Amino acid sequence: MKHNLQTLFYPQGIAVVGASEDRGKLGYNITENLIRFGFPGEIYPVNPKHRVILGRKSYPSLDAITGPVDLVLSAVGARATVKVAEECSIPGIKALVAYAASFREVGRDGGRLEGELKETAERSGMAVLGPNTPGFINGNLPLNATFFPFKVQKGNVAIITQSGGVGGAIYRKALEENLSVGLWIGVGNRLNVDFADILLFLGQDETVDVVGIYMEATEKGEQLISAAREVTAIKPVVIYKAGRSKDADRLTLSHTGSLSGSEKVYKGLLKQAGLIYIDSVTELVSACKGLALAGKPGGERIGIITPSGGGSIVVFDLLKEQGCLLPAFAPGTENKIRDLMNNTSSVVYKNPLDLTTDGFEADLYGNVVEALAMDKNIDLILAIFPVHEYFPPPDDKLIEIRKKVGKPIIVYWIAIDLLDHEYSERRKVLESNGIPVFLLPEEAAWATRGLVNYHRNRMKGI
Amino acid sequence: MKNIERALKEGRTTLSEYESKQVLAEYQIPVTKEVLVDDAKALARAGQEIGYPVVLKGCSSDIAHKTEKGLIRVDIRNEEEASSAFEEIMGNMSGPEDAVLVQEMVKGQRELVIGLTRDAQFGPCVMFGLGGIFTEILKDISFRVAPLEKRDALDMMRDIKGHKILDAVRGMEAADLDILADILIKVGQIGLENEKVKEIDINPVIISGSKPVAVDALVVLE
């Protein structure tokens, strides 16, 4: 399976069965995406009714294609997809994406059809993504094998999603956050490629540093747990498990029996397997962003510096919820900060460190961050700063500290307006230097918690 | 496991509290000191052996929730009180093998629940949470799949919202996390080693001083 997944996600020649010039058709969107987003390999539209599709020669059938095809995208309906799978098995094609819906998710007839598809796939040893999937994106090639016009990019984050819609929301939020999702994979009905298979594949894919999962349910929970144990030893994996409210209490004799609604069991087991368990789409993106950009902390002790009370209180609450540590500064650090602040009495020299409006002065702020970064009691820093045209943040200083000291720095900008061009650029510069920037207190806290939980999991493994 | 085999042979799907705790004790899980009695003489002897105050509980394998049926008398201070409580409890039961469990009265304000359930996908899972009446009301619980390692046991205790109950609060000692972790690990082990055990409910586990003790227990069989 591993070899076939390599073919599936890194194909060289792609055939689109059901390619079309009709914009309303799936086969149009998929073919257009292959071309528009610059898939570098060969593209073979297959449709017996046309000789040319989107400027490319169209083939009447799969076996009429003369060049090498290793991935087939089936853009036809459910019944026809079963036939496509049959046709794939003759020339020995090892990977298929089945977009069509109306399989087991619609009941018994669909289930029977999916059974046929599965039998064909098993017989020929073919990996089938889907059916009922939006497809996948591999921006590293680049390749957009979905019917969504998502712009693609290289990136070290991989997303596995059980829903095209939620997966799309994750993708959009990631784009807004400058988070580069290189691989985006919709699992669909998981015919023979399930969460566990994809996770194991991503574990050994060297382009991937962080995996984010949106999951509703799987019948192969045990395999997922075992794959998670293996992969989380290598790289962080963040999971958002939705579908929690179906939790119907079973009627059994004991409390334990009635309380063991699978959701709570899942939560415990996913955590036990080393996954970072989070609670929303936004948290998924924030945690992935923190982990993808900020580097691994050497410990879990957080230092917060802010010129504003409110932002740090929200952050503080969310960190305390998970027992995060905000230790006292080392005595030397406190003295250094007092010196920098001329020992002003308007500052309480404690963690979180609220510099009040004095902290708006960028040079001073930068020097205090440096003092914090040098503190042996602090492993990662959350730096809160206002965005104001007269008080530009000390970006260069932060980048210098990040490089010199190596401890993760997470920035939260208290934005007073939409980011203009200058600040969008400043944000990109910080982020390309390993300093993630967030615009909401929750997001900064979620990213910080992601790093802390990753560190805790790594410590468990030792 | 003699108790489990005997119960299965008799076609039962539950063990009595007494039998359940014997299963726990075989796995070195701390349980209340207790004696099962069915007549006045044995009752008097048990009272002396355990030392007053004691708790009397109606004990039968077909009774899961004893409080609701008026089968528990607590804080019994002498032989006289014991004998009248004994008569009352026996009068409220109607089974062929009715007996009364004379039990040490464990003092402690903190009640926890520890349990085991078999998940269809994952197998035996251990549960931890707030006990007593709070188990049903707050459902503040967490799970881990067996076998548990010590860090899993410590993690799952930290997972519940009310985990501060384990700290040194309101003049009480901090709960002994090592012993609690050991109980969680052992409960998982019972699940792994005894296929016929479907569920276990140890509720409450009372923190007495700093030490957890299983005060009531129910083992459900497949």
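How many helices and strands are there in chain A? There are 16 helices and 19 strands, where helices (H or I, at least four residues) and strands (E, at least two) are DSSP runs numbered from the N terminus.

Before I go on, some ground rules. This is a predicted model, in which local features need pLDDT of at least 70, side-chain atom pairs count only at pLDDT 80 or more, and totals for chains, interfaces and linings use all residues. Residues are numbered from 1 along each chain as its sequence is written, while chains are lettered from A and ligands numbered from 1 in the order in which they are written.

Now the overall form of chain A. Its radius of gyration is 25 Å, close to the 23 Å that the globule rule gives for 462 residues, so chain A is as compact as a globular protein of that length. The radius is taken over C-alpha atoms, and the rule is 2.2 Å times the number of residues to the power 0.38. Of those 462 residues, 52% count as buried; that requires 20 or more other C-beta atoms within 10 Å of the residue's own, with C-beta atoms placed from the backbone.

Next, one sheet. Strands of a sheet pair through backbone hydrogen bonds, either parallel or antiparallel. In chain A, an open sheet of five strands has the order β2-β1-β5-β6-β7, with parallel pairing; two strands pair if DSSP finds at least two bridges between them. β2 (42-46) and β7 (127-129) of chain A stand at the edges with a single partner strand each, so one side of each has no neighbour in the sheet.

Inside the sheet, three bridges join β5 (residues 71-74) of chain A to β6 (residues 95-98) of chain A. Val72(A) stands opposite Leu96(A) in β6(A). Helix α3 (residues 78-89) of chain A packs on the sheet and touches β1, β5 and β6 of chain A. Contact here means C-beta atoms, placed from the backbone, within 7 Å.

Last, the other chain. Which parts does the domain assignment give for chain B? It gives domain 1 (33-105) and domain 2 (110-221), with bounds from an automatic or database assignment. Taken over C-alpha atoms, the centres of these two domains of chain B are 26 Å apart.

Where the chains touch, the contact takes 19 residues from chain A and 30 residues from chain B. On the chain A side, the elements giving two or more residues are α7 (221-232), α8 (255-259) and α9 (262-272) of chain A. The largest share of that side, seven residues, comes from α9(A).

Notes
A residue is buried if 20 or more other C-beta atoms lie within 10 Å of its own, exposed if 12 or fewer, and partly exposed in between; C-beta atoms are placed from the backbone. Two residues are in contact if their C-beta atoms, placed from the backbone, lie within 7 Å. Axes are lines fitted to C-alpha atoms, for helices over the stretch in contact, and angles run from 0 to 180 degrees between N-to-C directions.
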